[in-house]
Structures are given as C-alpha cells and as structure tokens.
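Subject: Structure handover

Hi,

Here is the structure I promised to pass on. Please open it first, then read my notes below.

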Amino acid sequence: MQILRRLIVLAFCCFTLSGAAAEEGAVSEIDFASLSIVQKGRVWDQAIHILGGNANVTSRWVDDVRFVVVADDATLENYTLGVLKQISTITSLPLEKVRSPYDSIASYVRALQQAEPYQLLPCSLENVCVNLVVVVSDIDSMSQIARAVPLREVYQRSLEAGERAAGTEVVCFFAPFQRASVIRQAMVFVHADLPLGMIHTCLQEELYQSFGLFNDFTDSEYYSFNNRVVEKKITQFDRALLHAVYEFPAGAPAFKVVQQLLTNLENMP
C-alpha cells in the first residue's frame, strides 16, 4: 500500500499520507474464470508491475522467518502472528515467534543503539537473531530505530520532522535487506496512531509485500497493493501471486512467475 505521495529507491518505497481524504478502494473477491481475455491481461500486467517489471527477477526469503513484534498494544502480536501464519502456509517457510525481552519501545531503541549495525534484535545466546521485526510506534521512535539499524536513507528521510512539516506523514512501510535476490531481513513499521482497522490493513499489506511483492499498481482492481488508503483485505490474487513467487528459486524471471500465476488461477476450482 502506498499513499498519495511516493518515495521510491529501486523497488522499495515508504508510504505516506497527506491531508487529502482517502478514496474508497477495497478490492473485492473476483472469480478469475469469469474474467474476459482483456481482464486476464490486466491481471498479468499488474502482477508484472508488482514484481518490478517484465525484465526483472524476483526476490524471496529462503531461510526460516524469526519474528518479533515491538508495540505497546499486546494484541497486535497475535494479529501479526495470524497474518504471518497465512504467509507461512502460502510460502512453505518455517515460522518462529520470538518473545521480545524489551518492556517498551524505548528499551528496544536503546538496545539497537548499542548493537552492531544491521543486526536486528533480539539475538539468542548462540547469536541467532530475529530476521523480521514489526514495529508499531509513533514516528519519533521509529525515526530513532531507522537511524540505529540503520535503514536506508530514503526511510530515514521520510521520518524526519521536515518531511512531516511539509504536509506528509508516514503511515506504514516495509524495509527489506537483500543480497543476490535473497531477502535476509526485513523491518515493518506501522504508525500507532492509526485507527485499529488501518493498523490491521497496514500490517497485512506490508508483511505480504516484505516477502517479495515489492511494488504497488495504482488503482488495481485485483491486488490490494493499489495505493489506496482504506481498510481492506488481502485478495485471492495477492495470495496467488505470493504463492507463485515461492514456486521458484530466488532470482527467477518475473515473467515466468506470472505465467505460473495465471496457470494456477486457471486451474483453481
């Protein structure tokens, strides 16, 4: 999900919200078999765009996913776990929930500031660290986290007071770390001041996108990654595209993945 103003570096983006009213735009469930040839072509075109373009290769996780939620609202951990269990089922990736040893967001910030660069926390005695961190906090706390990790410059800038004073405020984003098309780590941020329904929407979309669905297609009628700020659900096309990505090794051509996507959709009962 991306909101009204875009900050893009390579394939990754931060998501922001201006003062303009959000347009309704939830994607409803659609029967693929009932679509026309032209509509199926749009499913293809939008999937290719979400994967970075026809000449692009896909990125994906290959290792176990060890995640932690850093938030003051304890119920968000269970919600996040539910979303990640869906993703684990779709991708066949092992999933492990790690209990946070930090009693507040401030204590997590302090721990990061004392840790090695690019090391997400917590880590075990065997120095096995979490590789997916979900943060639901205020922007100032996330700004400190972004500098401490550090996240890439585009994320740090989007959280600065000057950017927010210009009339744009970050709502949520995902920040992946990858090498040779393999996603090694990721951090997801959601603004804690959002209504609960929007927090849930952000968690769904940012988590799904952090597993390799990096781009948005504006006003997509099939995929939920459509730049609209509304409460919505992950669609069957989102799930099918993520599944297709994980039918191939990291670095697979995007067009082959989308060919498989359409084959899978055609064969769905």
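Let's start with Asp238. Leaving aside neighbours within four places in sequence, Asp238 is in contact with Leu213, Tyr223, Ser224 and Phe225. Contact here means heavy atoms within 4.5 Å.

A word on the source. This is a predicted model, where local features need pLDDT of at least 70, side-chain atom pairs count only at pLDDT 80 or more, and totals for chains, interfaces and linings use all residues. Residues are numbered from 1 along each chain as its sequence is written, and side-chain values use heavy atoms, with hydrogens and water left out.

Back to Asp238. This residue sits in helix H8. Helices (H or I, at least four residues) and strands (E, at least two) are DSSP runs, numbered from the N terminus. The side chain of Asp238 makes a polar contact of 2.6 Å with the side chain of Ser224. A polar contact is a pair of N or O atoms within 3.5 Å; within protein, one must be able to donate a hydrogen and the other to accept it, and residues adjacent in sequence count only if both atoms are side-chain atoms.

Is Asp238 buried or exposed? Asp238 is buried, yet has no salt bridge. Buried means under 20% relative accessible area, exposed over 50%, and partly exposed in between (1.4 Å probe, protein chains only). A salt bridge needs a side-chain nitrogen of Lys or Arg within 4 Å of a carboxyl oxygen of Asp or Glu. The nearest side chain of opposite charge is Arg239, 6.8 Å away. For charge, Lys and Arg count as positive and Asp and Glu as negative; His and the chain ends are not counted.

Next, Glu247. This residue lies in the loop between helix H8 (236-245) and helix H9 (254-267). Glu247 is partly exposed, at 37% relative accessibility. Not counting residues up to four places away in sequence, Glu247 touches Gln260 and Asn264. With Asn264 there is also a side-chain polar contact of 2.7 Å. Ile90 is 157 residues from Glu247 along the chain, but their C-alpha atoms are separated by 9.9 Å.

Now the disulfides. How many does a search of the whole structure find? There are 2. A disulfide is counted when two cysteine sulfur atoms lie within 2.5 Å.

- Cys123 joins Cys129, S to S 1.9 Å. The S-S torsion is about 95°, so this disulfide is right-handed. Cys123 is partly exposed at 27%, while Cys129 is buried at 13%.
- Cys172 joins Cys202, S to S 2.3 Å. This pair links distant parts of the chain, 30 residues apart: Cys172 is in strand E7 (residues 169-179) and Cys202 in helix H7 (residues 196-209). The S-S torsion is about -60°, so this disulfide is left-handed. Cys172 is buried at 0% relative accessible area, and Cys202 is buried at 0% too.

Look at helix H3 (residues 105-114) as well. Its buried residues are Ile105, Ser107, Tyr108, Val109, Ala111 and Leu112. They pack against strand E4 (65-71), strand E6 (132-137), helix H4 (139-148) and strand E8 (182-191).

Finally, the whole chain. The secondary structure comes to 9 helices and 8 strands. Buried residues make up 53% of the 269 residues. Of the contacts with a separation of 6 or more, 71% are between residues 24 or more positions apart.

Best wishes
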